[in-house]
Amino acid sequence: MNAQPITQYYRKNRKAIVTASSGLLYGGGWSLGHFTGFDTASAGILILAAIIGGYDIAKTAYYEVTNRTLGIKTLVTLAAIGAIVIGEYWEAAAVVFLFSLGSYLEGRTMRKTRTALQELLEMTPDTATVRRDGDLQEVPARDVEEGEVVLVKPGGKIPVDGSVVDGESAVNQAPVTGESAPVHKADGDEVYAGTVNQEGALEVRTTGAGSDTTLERIIRRVEEAQEAQSPTESLIDRFAKYYTPAVIVLAISAYAVTQNAILSLTLLVIGCPGALVIGPPVSIVSAIGNAARSGVLMKGGEHLERAGKTDLVTFDKTGTLTKGGTTVADVEGFDIDDDEVISLAATAEKKSEHHLADAIVDAARDRPTAATDGGTAVAHSDATSAEHRSVPDPDDFDVVAGMGVVAHTDGHEVVVGNRALLDDRSIDIPDHIAEYVRGREERGETVVHVVRDGSVIGVIAMRDELREAAPGVVAALQDAGIETVMLTGDNERTASAVAGEVGIDEYRAELLPEEKQTVIEEYQADGHVVAMVGDGINDAPSLATADVGIAMGAAGTDTAIETADMALMADDLERIPYAVTLSKATRWNVLENVGLAVLTVTVLLAGVLTSYVTLAAGMLVHEASVLLVILNGMRLLRH
Amino acid sequence: MYMAVRVLRRTVMNETTQLRVINFDCPTCASTVERALSNVDGVQNVKVHYTTGRVEIEYDDDVADPDAFAQAIENQGYTPQPA
């Protein structure tokens, strides 16, 4: 009746039970021998302790040997058998017990790092309420088909990736973005599986379910990142290949010279590169796991180790330090109506995809309508509603990268652009206009000139609000001893004004997109390890050039994740100091672990060769050092 | 891309499966399990990751018995779980 649960309990806790039994027998056997002098009984119990604790170890050792790998279990088995053969029962039992205890604790602690990500996956509900065949059905979440509509109750977890088709709510996206402040979701907005619907009911049209959700993809990537070897790890692995055989040779020669079997067995046990091999991976896995829970995807140990050396962070200005939602702050016509300036500019910019162009076109549309709209209302998909003005298409238009546009409309040539473009086309800027422009730029605004048939008729001043977090983020990096640089296509004065507001160390203005890469290369040539923060799509080339590319707002955009070394799932600048300091902490942690391992082995080796360290003591210190590096690495889970 | 890989694998009659072992206690243990699994009939390719405990097995559907994978892992003294 009760056999089933007992067997199950035993199977589940076998390691703990075996370790405890072996420990009890070891303690009992030792006390018996020490206090009573029943030596034979004591020896018997100690041998029993060694056999019980050692059975599993020996079994694995057998596999190791038949598989021609040489692991610590083989060495421990050899040491225990050797100790029994020469009559050192206490040593045999001690070695086996200490090793079992050590590896039990190692397994337990490693489990924590291994399950850190599982917690994220458990966020996804198992079932979903789907609208099927006219009614609502409860189905397993992974069976929801693309295109099906899922209902999510207030307070419920969203079971699939999709876009909202009905309802309005606030959603906590922490499992995906690490950002727990709720995000407002309404018609057309994307939602992710595993996130929590906090307020209203939502109907979501499924775009991905089961293993094809953003959360699942992120976790797969995180695991791949954790499994990828960092340079330190591969170095150690290569080293270990020679090291273990070297230890065996040393043990054999020690025996040949001293005829002391215990000495050479001890050498075998302490010579195992346990802490050295385990330390760095634990540090890196913990760091990557921690980052993942905070919405930062680290691409692997290699990237992490490089990021730990960062001493200079470059920021793209627009959309990174600023909110990226550029709006028109002011339109100024010179001897001409403001309205005419903006509508002419909007026509010229209509087909451009630049963010300044979008701002100009939006501003033109939002201007109060004068009298009536022309009957030729544009039938574009971007829904120009009745009260919005329509913006006519230009007859033709050309983008001059990093400068502006040249277009033709109604028989006029219209140029909208910065000073460089006007200089290029030998268009003269009257002094009073230049003066006005300078004034706006000193306030951190970006100004474009509107030119009709060769003469400047007006200017448009645009503002891109700074992110509230920007100055704090820059200060935090400076505190960590990191130089900060802003890269922008804006002119000198605007850049200088923004740089001043943010408190950034340096800025580079008037950069064409490809020049941002050049600037990064210059810093690298000066010996800096450069991180670049950008949006992952427009800044992809710079992100790839930098030693560490950090993409912001990457949830859902796979390209950004591809190019970057680190991707911030949320559009949250404040994760940058966290990511950089975590990388630095990881790099130190890896070094600490390597140092600790090398120190332990050196001290033990010296101790054994000078006969200060016995087999059991060597085992104790060896296992303690392994546990210590694991615990040290796991500190990064709580960075 | 992922789908394409799956389709490709199907055409050569190979399946892939994942298991997870959360109680590896040393890197060599992971290699031992890796070798034990590659000795199971019909297994084409095995990768065992010590750090994450993830076990990836590619096997010939006609020959291999997926239950044998878990058994092989248990024989080494570790507890497999569904990934």
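**A strand pair in chain A**

Strand β5 (residues 169-172) of chain A pairs with β6(A) in the antiparallel sense over 3 bridges. Strands here are DSSP runs of E with at least two residues, helices are runs of H or I with at least four, and both are numbered from the N terminus. Two strands count as paired if DSSP finds at least two bridges between them.

The model is predicted: local features need pLDDT of at least 70, side-chain atom pairs count only at pLDDT 80 or more, and totals for chains, interfaces and linings use all residues. Residues are numbered from 1 along each chain as its sequence is written, while chains are lettered from A and ligands numbered from 1 in the order in which they are written.

**Sheets of chain A**

- β5 and β6 belong to an open antiparallel sheet of 3 strands, in the order β6-β5-β8.
- The edge strands of this sheet, each pairing on one side only, are β6 (183-185) and β8 (196-197) of chain A.
- Another open sheet has 6 strands with antiparallel pairing, in the order β12-β17-β16-β15-β14-β13 (chain A).
- Strands β16 (residues 446-452) and β17 (residues 455-463) of chain A run antiparallel and are joined by 7 bridges.
- A:Val448 stands opposite A:Ile460 in β17(A).
- Helix α16 (residues 431-441) of chain A lies across β12, β16 and β17, at about 5° to β17(A); axes are lines fitted to C-alpha atoms, for helices over the stretch in contact, and angles run from 0 to 180 degrees between N-to-C directions.

**Domains of chain A**

- An automatic or database domain assignment gives the bounds: domain 1 (1-115), domain 2 (125-212), domain 3 (297-323 + 466-584) and domain 4 (327-370 + 386-463) of chain A.
- The centres of domain 2 and domain 3 of chain A, taken over C-alpha atoms, are 33 Å apart.
- Their contact takes 6 residues from domain 2 and 5 residues from domain 3 of chain A, where contact means C-beta atoms, placed from the backbone, within 7 Å.

**Nonpolar cores**

- A nonpolar core is a set of buried Ala, Val, Leu, Ile, Met, Phe, Trp, Tyr and Cys residues joined through C-beta atoms within 7 Å; a residue is buried if 20 or more other C-beta atoms, placed from the backbone, lie within 10 Å of its own.
- The largest core has 162 residues, and A:Ala93, A:Val95, A:Val269 and A:Ile550 have the most contacts inside it.
- Helix α4 (residues 89-115) of chain A gives the most to this core, with 12 residues.
- A second, separate core has 34 residues, including A:Ala346, A:Leu356, A:Val391 and A:Met462.

- Chain B has 3 helices and 4 strands, which follow the pattern α-β-α-β-β-α-β along the sequence.
- Of the 83 residues in chain B, 42% are buried.
- The contact between the chains takes 24 residues of chain A and 20 residues of chain B.
- On the side of chain A that touches chain B, α2 (39-66), α4, α7 (214-227) and α10 (274-293) each supply at least two residues.
- α4(A) gives the most to that side, with 7 residues.

Conventions. Contact = placed C-beta atoms within 7 Å. Buried ≥ 20, exposed ≤ 12 C-beta atoms within 10 Å, placed from the backbone.
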